[in-house]
Amino acid sequence: MPSALTVVRRRAKALHRNLRGAAMAARALASTEHPLLAHIIPVRRCNLSCTYCNEFDDFSKPVPTEEMFRRIDKLGTLGTAVITISGGEPLLHPDLDDIVGRIRSNGMIAGLITNGYFLVPERIKRLNRAGLEWLQISIDNVNPDAVSKKSLKVLDKKLENLAEHAEFHVNINSVVGGGISNPQDALTIGKRAIELGFSSTVGIIHDGSGQLQPLGGEERRIYHEMKSMEKRSFTRINAFQDNIAQGLPNEWRCRAGARYLYICEDGLVHYCSQQRGYPGVPLATYTRDDMHREYLTEKSCAPHCTVSCVHQVSIFDGWRAPQHPSSTPAPSTENELVQIK
């Protein structure tokens, strides 16, 4: 159980975070001239090798800290509201606490996506001191298997550590869909998250290009039961998944490259983790003109996209500024991760 002091700090930080979030939401509706969310990668290397994941390697060195600072400062000058640190496994970066602190010093909300393996009490306390505001762990199954080692059996002690020590918000995301052998596991994981005082969400696992994976009958049942457990908030705007669960496309305006930016370890701006290479422009030279172009550019991968964070930020602008197909040829994709077709 957390100490009384931890509970007080957690509640105070939650109130402050919610007030800032409401102000940022109001600003997002009032102006389209700034990114709402950026994912930034401090290290591509990961300590795991989940078979469905295309976002890691086992050899990359961490991005130099000073370079990370420059990228964060540039995102600050663009008016970015939230930065999420992702990977790879971001806790492998030796100066992650300083990176979190740099985000906060620029006035942005700081989040972290991790596999949770390194969350011992002292590491959690360091994240508290750094000013981390929210953290997400995706847990794929109850017991590890050939597809994923991100299992409740392995991570439950880490979750207990978070419940006792974390002063930041914790969300546990479970998944259904391709490659997950037992969809019932999602319910077990979600109930355990709620028991520990965390929020719980469910995602539909994407294929190697972030695209549609329709659910079977039992998977759809589990998905809808999980959805009923989610608390309502603007970060849970994921009704688009209802169509995905049925194998149906979504009609929406993807604002990637403008309201959402994905910054890879090389410092390039991409639409998202699944469309690396587009637009492929260095963040250091990325301008509001680039953002305006991408804001108005229709993405042909959008109808079957499963990337939740892009859907969530794009909803702020779903009612305005119709998009048009790109007027410039797509870059060569011979060596790129994904081709947009």
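**Close-up 1. Helices α3 and α4 run roughly parallel to each other in this predicted model.** The angle between α3 (residues 96–105) and α4 (residues 121–130) is about 25°, and angles under 35 degrees count as roughly parallel. Their axes lie 9 Å apart. The crossing is right-handed. On the α3 side, the contact is made by Leu96, Asp97, Val100, Gly101 and Arg104. On the α4 side, Arg123, Arg126, Leu127 and Ala130 take part. By class, this contact has four nonpolar, one polar and four charged residues.

**Close-up 2. Helix α6 packs against helix α7 at an angle of about 10°.** The view covers residues 184–195 of α6 and residues 217–229 of α7. The two axes are 9 Å apart. The pair is therefore roughly parallel. Here α6 passes α7 in a left-handed crossing. From α6, Gln184, Ala186, Leu187, Gly190, Lys191 and Ile194 make the contact. From α7 come Glu218, Arg221, Ile222, Glu225, Met226 and Met229. Six of the contact residues are nonpolar, two are polar and four are charged.

**Close-up 3. The second largest cavity has a volume of about 80 Å³.** Two cavities of 30 Å³ or more turn up in a search of the whole structure. Thr32, Glu33, Ala258, Arg288, Met291, His292 and Tyr295 line the second largest cavity. Its lining divides into three nonpolar, two polar and two charged residues.

Terms used. Residues numbered from 1 in each chain as written. Predicted model: local features only at pLDDT ≥ 70, side-chain atom pairs only at ≥ 80, totals over all residues. Heavy atoms only, no water. Axes fitted to C-alpha atoms, helices over the stretch in contact; angles between N-to-C directions. Helix = DSSP H or I, 4+ residues; strand = E, 2+ residues; numbered from the N terminus. Parallel < 35°, antiparallel > 145°, perpendicular 65-115°, else oblique. Left-handed = near helix turned anticlockwise from the far one by under 90°. Contact = heavy atoms within 4.5 Å. Nonpolar A, V, L, I, M, F, W, Y, C, P; charged D, E, K, R; others polar. 1 Å grid on protein atoms, 1.4 Å probe; cavity = no way out; pocket = protein on both sides within 12 Å on 5 of 7 lines; lining within 4 Å. Points joined across faces, edges and corners; volume = space filled by probe spheres on them.
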